[in-house]
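Student: Got a model to go through with me. Can we start now?

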Amino acid sequence: GSAIRTAVEAVEPLVQARAHAIDVAAADEAEVCGDPVRLTQVFTNLLANAAKFTPQGGAIAVCMRPASGHVRVHVRDTGPGI
């Protein structure tokens, strides 16, 4: 959960500037074996893209939870998609 929270903090100025609502649900018990710097970088890039390409006043949701020995992360926004 800390990589997600750090990424959310990093993109907060962009989210606020574009008047987005952001909802974060990150399970504290979800542990990931990996490079925390790289994980934070990946999540920051996902969230920055969501914030950039979602029209003003949109919504972004991030969910992280344990799933069968893994951790599942979903990022959803109200942008146009690819």
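**A loop threonine, then a helix**

Tutor: The backbone oxygen of Ala50 is 2.5 Å from a polar atom of the Thr54 side chain. This is a predicted model: local features need pLDDT of at least 70, side-chain atom pairs count only at pLDDT 80 or more, and totals for chains, interfaces and linings use all residues. Residues are numbered from 1 along each chain as its sequence is written, and side-chain values use heavy atoms, without hydrogens and water.

Student: Where is Thr54 found?

Tutor: Thr54 sits in the loop between H2 and S2. Helices (H or I, at least four residues) and strands (E, at least two) are DSSP runs, numbered from the N terminus.

Student: Is Thr54 buried or exposed?

Tutor: Buried, with a relative accessible area of 1%. Buried means under 20%, exposed over 50%, partly exposed in between (1.4 Å probe, protein chains only).

Student: Which residues does Thr54 touch?

Tutor: Arg18, His20, Ala59, Asp77, Thr78 and Gly79, leaving out residues up to four places away in sequence. Contact means heavy atoms within 4.5 Å.

Student: New topic. Which residues of H1 are buried?

Tutor: Ala3, Ile4, Ala7, Val8, Val11 and Val15. An α-helix has 3.6 residues a turn, so residues three or four places apart point the same way.

Student: What covers the buried residues of H1?

Tutor: The cover includes strand S1 (21-26), helix H2 (36-53), strand S2 (59-67) and strand S3 (70-77).

Student: And what follows H1?

Tutor: Ala19, whose phi is positive, near 55°.

Conventions: Polar contact = N/O pair within 3.5 Å; in protein donor to acceptor, adjacent residues only side chain to side chain.
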